[in-house]
Amino acid sequence: MDHGGHGTMAELPPFTLGRGLEFSADPFFLAGGLLALAVYGWGVLRLRRRGDAWPLGRLLAFASGVLTVLLVMCTALNEYGMVLFSVHMVQHMVISMLSPILLLLGAPVTLALRALPAAPRGRRGPRELLVAFLHSRYVRVISHPAFTIPLFIASLYGLYFTPLFDFLMGSRTGHIAMMVHFLAVGLAFFWPIMGVDPGPHRPGYVMRMLELFAGMPFHAFFGIALMMASEPMVRTYADPPASLGVTALEDQNAAGGIAWAFSEIPSVLVLIALMFQWYVSEQRQARRQDRRADRDGDQELAAYNAYLASLQARAGR
């Protein structure tokens, strides 16, 4: 099978972590990753030049998100992922469940809204177009759990258990399109849950946790289905090269175990982020209530003092 220039099966030696992490750039993802880092860095520098701060944690989170994409798409992992189901599943899990969380924790939309200049009155610049997009019906639909959760699930079962996966894996363009789809689905699923950037769907923290757990079990079921299968379920990986020293069922079993176990990692990361956001929100609300109470107390004290002053004035007369 032609894998669109990714190399032939016979050229790959047995997989080791060291070999898998060797640099092997995919031009599309390398260019996209470097562009994302450059644009994000420009936004941070623009804020700092005008005296505004941007949290270092957000910068590190976004950079880490981009680097995780490059890790699985611009190393030999991408080569081995064309012939080993287990390595491909690592790519899928990272790019659809880990990278989106880190990218969203970087709050790129918030950075863009703060960094982009406002257009003159009566005109629409990039900032105004971004605001209009965030308030559009399209974004309301794609950020609603009735859309994101089924899409998240269908990207597993509808892709791997149909001929579509083998078709996409038959060319470099199809492979890139599939990986971009995984990243986009992950961003769409976690965006309303993370709640760092502004968006039309912002439920309470308990509901966000329910949305998270509504999707995660299906990854576990998918992994179990792969591990329990008695024959290869994906034609692309039905005949791994002998040089790799693994049978198709062994490789598929490992892929299923990765899909089953990996769902725990993003769940923990998102829960930690949600609990922290919840705590910060409660603290902010408590401070706001304290300020309101102080203000009301000052007004009551002023009214009481005015009342006493009026009594003294009457007594003086």
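Q: Which residues are buried in α6?
A: In this predicted model, Val-109, Thr-110, Leu-111, Leu-113 and Ala-115 of α6 are buried, meaning under 20% relative accessible area, with exposed over 50% and partly exposed in between (1.4 Å probe, protein chains only). Helices here are DSSP runs of H or I with at least four residues, numbered from the N terminus.

Q: And what covers the buried residues of α6?
A: The cover includes α2, α3 and α7, where contact means heavy atoms within 4.5 Å.

Q: Before going on, what should I know about the model?
A: Local features need pLDDT of at least 70 and side-chain atom pairs count only at pLDDT 80 or more, while totals for chains, interfaces and linings use all residues. Residues are numbered from 1 along each chain as its sequence is written, and side-chain values use heavy atoms, with hydrogens and water left out.

Q: Switching to Ser-64, where is its place?
A: Ser-64 sits in helix α3, and Ser-64 is partly exposed, at 31% relative accessible area.

Q: What does the side chain of Ser-64 reach?
A: That side chain reaches the backbone oxygen of Leu-60 at 2.8 Å.

Notes: Helices (H or I, at least four residues) and strands (E, at least two) are DSSP runs, numbered from the N terminus. A polar contact is a pair of N or O atoms within 3.5 Å; within protein, one must be able to donate a hydrogen and the other to accept it, and residues adjacent in sequence count only if both atoms are side-chain atoms.
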